[in-house]
Amino acid sequence: MNCKLALTHLYDERVQLLSNGRFKNADHQAVVNSECSRLSIATFQNPAPDATVYPLAVREGEAPILDDPITFAEMYRRKMARDIELAKLKKQAKAEKQQKIAKEFAVPTAKEFAVPNAKPLDDILA
């Protein structure tokens with residue numbers, strides 16, 4: 001069994017905003033390994049809802065990713081709205097893919113098997 005140690009830190013929206021986009025937030029996606037155990041420790045540090053969120057430093061020639069400072073509550077509301085929209089789009093794409101697969105592997109109907117100008121069975125057996 002070859003299990004390597006890995007330490008992963010996922011940044012959230014605040015770090016992306018504070019760094020003016022230099023650090024990107026990431027979606028959490030766990031990878032399961034049946035040969036090794038996994039330990040996850042989640043920690044959350046949230047400022048007060050009315051705390052101001054804005055890039056700490058904007059480099060020369062760099063545009064800020066936010067036009068105006070916003071509150072943490074507003075940042076969180078925007079993030080949740082994006083997450084909900086993304087979940088809807090993923091669900092829609094999955095449903096469309098399933099419909100396409102179902103259509104490809106659907107059992108043909110009798111009409112689709114019908115042969116044009118075919119004689120009735122009684123005429124063939126007579």
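Glu 74 and Arg 78 both belong to helix H2, where four residues, or about one turn of the helix, lie between their positions; helices (H or I, at least four residues) are DSSP runs and are numbered from the N terminus. The side chains of Glu 74 and Arg 78 form a salt bridge with an N to O distance of 3.0 Å, the term denoting a side-chain nitrogen of Lys or Arg within 4 Å of a carboxyl oxygen of Asp or Glu. The model is predicted, so that local features require pLDDT of at least 70 and side-chain atom pairs count only at pLDDT 80 or more, whereas totals for chains, interfaces and linings use all residues. Residues are numbered from 1 along each chain as its sequence is written, and side-chain values use heavy atoms, with hydrogens and water left out.

Glu 74 also forms a salt bridge with Arg 77, at 2.7 Å from N to O, and these two residues are three apart in helix H2 (residues 72-104), which corresponds to about one helical turn. Glu 74 is partly exposed, with a relative accessibility of 23%, the class that falls between buried (under 20% relative accessible area) and exposed (over 50%), computed with a 1.4 Å probe on protein chains only. Arg 77, at 48%, and Arg 78, at 34%, are likewise partly exposed.

A further salt bridge links Asp 83 with Lys 79, their closest N and O atoms lying 2.5 Å apart. Asp 83 and Lys 79 are four residues apart in helix H2, again about one helical turn. Through salt bridges with shared partners, Glu 74, Arg 77 and Arg 78 are joined into one network. In total, the structure holds four salt bridges.
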